[in-house]
Amino acid sequence: MAEEGNSLKALYSSAETKRAELEAAINSNTPAYQDKLAAAIATYEKCLRLVDQVALFSDNESVDDLSSNNIQYLLIHYRIADLLQRQTAADRKTALSQAQSSYAQYLKSLDNYDLLSAGDARLFERYRESPNTFSTASTTDPAARRETKISRFREEKEMRQKLDHLRRNPTALQNDDEMYRRLQLAQLAYCTHQAFQSLESIAQEMHILSLAPRDPPPSSNHSDQPRDMRERGGRTDNYSERLDGPLSAGLTGPILSPDGRPLRPFTLLDTRTRMQQGVFRPDHSLPTMTIDEYLDEERRRGGMIEGGGAQSGMSPEPDEDNLEKADAETMKARAWDEYTEDNPKGSGNTVNRG
C-alpha cells in the first residue's frame, strides 16, 4: 500500500509538472503543444486508474477521514477535464463531451464528501437537470444575470487571493498539516468555481456546434468522383472565373467545317493588342457623343420642335414697310369676321334643341 502511494505521488507530480509547462506555453495551436497536452492527459488518466485500484476514495467516508495528502487527488477529474477542453481535435464535440463528463465526475466526488457549498450544490443540481442548457446565471433576466456574474467574479477574486496567501510560505506548509489542509480545501473550492464556469462555456459551445451544417458522409469510391463542379461539367481546361467570359463561352469544337463553312459565330481581330484592350474594360456601355452633339443630331433629323413656352404667346411686331404682308393680314382678319357673322356661336349644335 505504501509502495502504491509513493507511485501515485510520483505519477501525480509528473502530471502536475507537465500541466505547468502547458500553462507556461505561449502558443497553444502548435502540434508540439497538442502532443504535450495528450501526454499530460494520459499521465492523469494513469493516476486515476491507480486511485481506483487502491480504492483511495469511498462513498462511505467523510472529508475528515481523508488525509491532507490525499485531498489533492480529488482534482484528477478536474485536471483531465480542463486539459480536454484545450484540445483542438477535428472531433470537437467528442472532446467537449468527455470534458463535460469529467467535470461532472469531479463535482460528484466532492458532493459525496459534502465539500460543495450550498450555492454550488444548487448549481450542481441545476446542471444535472439540464446539462446541455446549463448556465450559472439567469438567461431570462439581464439584470439578475449581471448581478450574478459580478458576484461570482468577486468570489473568484477572493478565492485567488486566499490561495496566494496560503502559498506564500512553502516551508510553513510542509511543517503545518492544518495549514496544508486548508490550502488543499481552498484549491478545491477555487477549482469548483472554475468547473461551473467551464460547464456553462461547454454548453454554449455545444449549442453552437449543433447549429453547424453536418459533413457529407464519406463515399467508398471517393477517389473516383470528380473533385469539383468544373470536372463534373467537363470544364477542366483553361477554366476562368470571369463573369464576362469570351464571346465563344460555352461553344466548343472547330470554327470551320472541312469545306470552309462556318460552324459557329466568331470574330476576327487584327492584332493581339486589340484583344488585350478588351480585358480591362468597363462593365457598362460608355457614351459615344456629348449631349450637345446629340441635340444637334436630333435637330438635324427633325426630331425636335422649336418654340413653345412663354415666348410662343407673344406676337411679333408688324413690319410697316411690308405692304403685302399687311394686306394679307387684313384679308385674313376680314375673312374671319365674315365667317363668324355667318356662323354664330352655337349654331352647329342642334342635338339638344327643343
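Read along the sequence, the chain follows the pattern α-α-α-α-α-α-α-α-α-α-α-α, with 12 helices and 0 strands. Helices (H or I, at least four residues) and strands (E, at least two) are DSSP runs, numbered from the N terminus. This is a predicted model, in which local features need pLDDT of at least 70, side-chain atom pairs count only at pLDDT 80 or more, and totals for chains, interfaces and linings use all residues. Residues are numbered from 1 along each chain as its sequence is written, and side-chain values use heavy atoms, with hydrogens and water left out.

**Burial and cysteines**
- Of the 354 residues in the chain, 24% are buried (under 20% relative accessible area; exposed is over 50% and partly exposed in between, with a 1.4 Å probe and protein chains only).
- Cys-47 is buried at a relative accessible area of 0%, and Cys-191 is buried at 2%.
- The whole structure contains 0 disulfides, a disulfide being a pair of cysteine sulfur atoms within 2.5 Å.

**Surface patches**
- Patches consist of residues with over 30% relative accessible area and no salt bridge, joining like charges within 9 Å and nonpolar side chains (Val, Leu, Ile, Met, Phe, Trp, Tyr) within 5 Å; a salt bridge is a side-chain nitrogen of Lys or Arg within 4 Å of a carboxyl oxygen of Asp or Glu.
- A negative patch on the surface comprises Asp-337, Glu-338, Glu-341 and Asp-342.
- Asp-342 belongs to helix 12 (residues 323-342) and is exposed, at 62% relative accessibility.
- Met-289, Ile-291, Tyr-294, Leu-295 and Met-304 form a nonpolar surface patch of about 480 Å².
- Leu-295 lies in helix 11 (residues 291-301) and is partly exposed, at 33% relative accessibility.

Note on methods:
Accessible areas come from the Shrake-Rupley method with a 1.4 Å probe; for residues, only the protein chains shown count as cover. Lys and Arg count as positive and Asp and Glu as negative; His and the chain ends are not counted. The place of a charge is taken as NZ of Lys, CZ of Arg, CG of Asp or CD of Glu.
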